[in-house]
Each structure stands twice: as structure tokens, then as C-alpha cells.
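Me: I'm new to this one, could you walk me through it once it's up?

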Amino acid sequence: MVSEEMYRLGTKKSTIRAIFEYGRRRAAEVGAENVFDFSLGNPNVPAPEFIRDAAVDILMHSAPPEVHGYTIAPGKPEVRETIAADMSKRFDMRVTGKNLFMTAGAAASVTITLKALCEAGDEFVAFAPFFPEYRVFVEAVGGRFVAVPAKTDDFQIDVDAFEHALTPQTKAVIVNSPNNPSGAVYSAQTITRLAHLLRAKEEAYGHPIFIIADEPYRELVYGELTVPCIPNFYDNTIVCYSYSKSLSLPGERIGYIAVPDAVADFDRVYGAVAGAARVLTHVNAPSLWQLVAARCAGLTADLSTYRTNARLLYEGLTAAGFDCMRPQGAFYLFPKALEPDDYAFCERAKGYDLLLVPGTDFGCPGYFRAAYCVGTELIRRALPRFQKLAESYR
Ligand code: PLP
């Protein structure tokens, strides 16, 4: 009567969702202040005031159809021109409005891109640890999801393992940096090696292999690091971006796909993006938020809290004995669990009201994710609990 697959997807909660809901039930029992929920990647930093000002000004001074009306499917031309000019300036790349397709956030950007590229039998590669929805997105468009095991010493890409995962059916590889959940930023050296290998395989297989650069955390980077701009390393790169994290607007659903001119057969790829958006009934990105994104091009929320939180949690956890890479970007820490079974470890952490996500969900067993897009004070109060949790293993 209904699609078994859709029923399964709609009713089987993701682990992250299940933990989040457990947290709400537990908060009702012991009080919200006594539950330390590190499960969700929902930005705690408020959207900046200039966003509200821009939205209010647009609503006050624009009449439909300028706001509220349908826009053309790729998005308002002047919005795309403004955003493309800002991208070109910031990333030393050349894109104009015709290269951009406005979307309802990164999930839509990635799914539309996959749908645009996927033909029968195609494979799409992702590097563990990866955003779990990638598998859902790839399978939804009829592709085969291929995971490359994690390189846990530094959470860069294991290029040799990647080479083994490539086949003539490989259509694209999803590259997410800064990374959810590892907090790694792929270095210029990593991207150079990746690009070199992909060019060799394109030549060997006689067809393009695309990089889908999923970059919702592009501006969340710490220390002296910069995030390499992948289209400057590899021509066949399609960038998927969203304002969910950089402007703290996850509920407003706004982002874009950038298909640079250098992408093989640009006209056909961009046309297929438009076709994919059409069959996925995307219609157009929200018109108000297109206008706001253009007004605020190049600006971000105050991301300094994440830097503070990253340092505090990293130092607290390593002092408690956790083995963990210093976070480079995004807002996640991905330490080694204190026992091989990461599910058992996260269950034990619940006993201390610490809500953590097992690494297995990200294709990387034996680790766990702690999202630090939470109040700094909550992290301060949580650290003694992490200490006790670690002591319980000694
Ligand atoms: N890609 C990654 C790596 C993410 O972490 C997320 C959300 O957490 C998304 C895509 C989806 O982002 P959006 O809210 O813009 O759809």
C-alpha cells in the first residue's frame, strides 16, 4: 500500500534524533539544566541583528511579487550576481550569476546535484567519517553509496584507500570540509593529491568524475587555517553551500549550488541541476531569504563562541584522558570512545546525562561526536561529568 522504503525512512529515527528526543524526556525528569546535550548540529549562536534588520526592511519596503512571489527557478538574477561577485572576491575564483542556482539549504543542494548527475549504475563516494544523510540522499536518487574508511590519525583523506574505491562507475565524490563530524579541514596537500588521482582516473575511465564540495561550514575555521577552495584545485567541482551555519539560519532553508564554467559540459550540468530541482519539486528557494542572503553576502554570525567552545571542550576532554584531534573547523569534536563499542560507550555516557553520538553512525566505529554548538557555560558544567565518565573506565 505504501513504499516500504519510504515508510522505513519516515519511521526509523536516526540515532541523532533518537538521542535528542531522549534528552527532552530526560529534561522533563531531571530539569533541562541537568541534561548535557551534545547531539545536534543546531547553531546556538543567534542569527545576527543585521539579518533581522535586512529581513524587516525587505518586508516593509518590498511589495509582492518582489517578496512572497515565485522567483525564477535558479533564483533572482540580482541575488545570484551579488553572491557570485562576493564568492569571486573571497575565493579568488570566477563565477557570475549564471553559475549559481539558489536552493533551500545544503541538503537540497547536495540532493539536487546528485540527482542531476546520477545515471543507472552510478556510484558516489564519501569519506568516513561522513554526514549520515549522504547515504540517504545518494540512494534516494538511485545511486550506489560507497564509503572510504576513515584515516583516524589526522582525519584527512586516505588517498590510497580512495583509489581502491574508485571504479568506472564512479560519478562523483562528496567532499565535506570543514568536516562533520571530525572537525578536520582538508589541507591543500590533501586536496592536491585527491585532484591528481581524480584527473588520472578521469583519463583512464574516459569520463568526468565530479567533486561535490559540501561546504556549509566553510566559514567556521580555527587557528591560522584557511579552507582550500576546491574549484581552484580541480575543475570538475560543484560547490554546495548553505547559510544554515554561517548565519545561524538552519530553519529558513537557504543556500546555493555553484557550477563553475570550468566544469566539463557546463551547460548540460547546469541544465541537469535545473531539471533535478524541477523533478524534486524544489520550485524556488524562499524568496525573502534569497534577498536577505544577497544583502548580507560575505557576512557571518559571531562565530567566536565556537572557537571558545572548541578550545574549552578539547582541553577539558584531553585533560580527562580522551584521545582527540584538536578541532580545526565546523563545531564538532570527534574523540575516541573509551571502549571499542561506541554504542555501549554512549549508553554509559547517558548515565552521566551526557548525550553523545556514536561514531558508527558516521561510518567510523570506536569514536563519538560531541557537537559544541551549545552554551559555553553548559560545556564548563559538563566537564566534570566527562571526567567522571573517564574515571569509570579506569
Ligand atoms: N551537509 C553537512 C555536512 C551538514 O552537517 C548538514 C547539516 O548539519 C547539511 C549538509 C545540511 O545542511 P542544511 O541545513 O543547510 O540543509
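Me: Which residue of strand 6 does Val175 stand opposite?

Reply: Keeping in mind that this is a predicted model, Val175 stands opposite Ala213 in strand 6. Strand 5 and strand 6, the latter covering residues 210-214, are paired in the parallel sense over five bridges, and the chain gets from strand 5 to strand 6 through helix 8 (residues 188-205) in a right-handed β-α-β crossover.

Me: And what about strand 3, how many bridges join it to strand 5?

Reply: Four bridges join strand 3 (residues 123-127) to strand 5, and the two run parallel; among the paired residues, Ala126 has Ile174 in strand 5 as its bridge partner.

Me: Why is strand 5 largely enclosed by the rest of the structure?

Reply: Seven of the seven residues of strand 5 (residues 170-176) are buried, that is, under 20% relative accessible area, so the strand is largely enclosed by the rest of the structure.

Me: Switching to pockets, where does the largest one lie?

Reply: The largest pocket lies between domain 1 (4-47 + 302-391) and domain 2 (70-295), because both of them give residues to its lining. The volume of the largest pocket is about 1,300 Å³, and of the 43 residues that line it, the closest to its centre are Ser14, Ile16, Phe131, Pro132 and Glu133.

Me: Which helix gives the most to that lining?

Reply: That is helix 6, with seven residues, while the lining of the largest pocket as a whole divides into 19 nonpolar, 11 polar and 13 charged residues.

Key
Residues numbered from 1 in each chain as written. Predicted model: local features only at pLDDT ≥ 70, side-chain atom pairs only at ≥ 80, totals over all residues. Heavy atoms only, no water. Buried < 20%, exposed > 50% of the residue type's maximum accessible area, 1.4 Å probe, protein only. Pairing = 2+ DSSP bridges. Right-handed = clockwise from strand over helix to strand, strands pointing away. 1 Å grid on protein atoms, 1.4 Å probe; cavity = no way out; pocket = protein on both sides within 12 Å on 5 of 7 lines; lining within 4 Å. Points joined across faces, edges and corners; volume = space filled by probe spheres on them. Nonpolar A, V, L, I, M, F, W, Y, C, P; charged D, E, K, R; others polar. Domains from an automatic or database assignment.
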